[in-house]
Amino acid sequence: MTAHATEPSLGDLAATWAATRAPADLRALRDAVRASPGFDVGLDVVAAVSPALARGAHGEAASVVAALMPGAFFSPSAHAALAAAHAGMGDAARATTERRLQALALESIRSTGDGTRERPWTVIRISDEYDVLRAARRTSREQALLTVDGRSLDRHLCDDGSEAWFEVGRLVRA
């Protein structure tokens, strides 16, 4: 009789990547997220949770995001919303954990490139693009899906005149 190894949880995979920063570990985490129930490349956590947060319904906001899990795991927006909800409910420890996951998710995206056409960031959801821009205090004025050297890239023209490029070949085809 052989023992069956259990698959690592998404949290375990995130902790492994946080410790190693190895591209292979990030790939394993992202593949596991993509394979999770409820995963949606078009996820828009901000739209889903903003009404509850605006009303101060922190428990409802946490429930909305929880219902999107595990497919929303490692979405910077999802972890930011959970941080705000837990902070609003007075749970500072859980709010801190979610803020750390949000920061780690953003860092994982930034680790994949520099946001230029030559070295675009890779994302697992379209909303991740907006999370990276929002974290850098940049606003997209225009988004275009382009094919460049056989790759599907999203180009954002930002309100400060800059561009931000994202590799989206696993999400869509130009």
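1. Accessible areas here come from the Shrake-Rupley method with a 1.4 Å probe, and for residues only the protein chains shown count as cover. On that basis the accessible surface of the chain comes to about 9000 Å², of which 54% belongs to carbon and sulfur atoms.

2. The model is predicted, so that local features need pLDDT of at least 70 and side-chain atom pairs count only at pLDDT 80 or more, while totals for chains, interfaces and linings use all residues. Residues are numbered from 1 along each chain as its sequence is written, and side-chain values use heavy atoms, with hydrogens and water left out.

3. The chain has seven helices and four strands, where helices (H or I, at least four residues) and strands (E, at least two) are DSSP runs numbered from the N terminus. Along the sequence they follow the pattern α-α-α-α-α-α-β-α-β-β-β.

4. Of the 174 residues in the chain, 40% are buried, that is, under 20% relative accessible area with a 1.4 Å probe, protein chains only. Strand 3 (residues 151–158) is mostly covered, with seven of its eight residues buried.

5. Strand 3 pairs (DSSP finds at least two bridges between paired strands) with strand 2 (residues 140–148), running antiparallel through eight bridges, and leucine 146 stands opposite leucine 153 in strand 3. Two residues lie between strand 2 and strand 3 in their hairpin, where aspartate 149 takes a positive phi near 50°.

6. Strand 3 also runs antiparallel to strand 4 (residues 163–167), joined by five bridges, with arginine 155 opposite tryptophan 165 in strand 4. The hairpin of strand 3 and strand 4 has four residues between the strands, and glycine 161 takes a positive phi near 90° there.

Note on methods:
Buried < 20%, exposed > 50% of the residue type's maximum accessible area, 1.4 Å probe, protein only.
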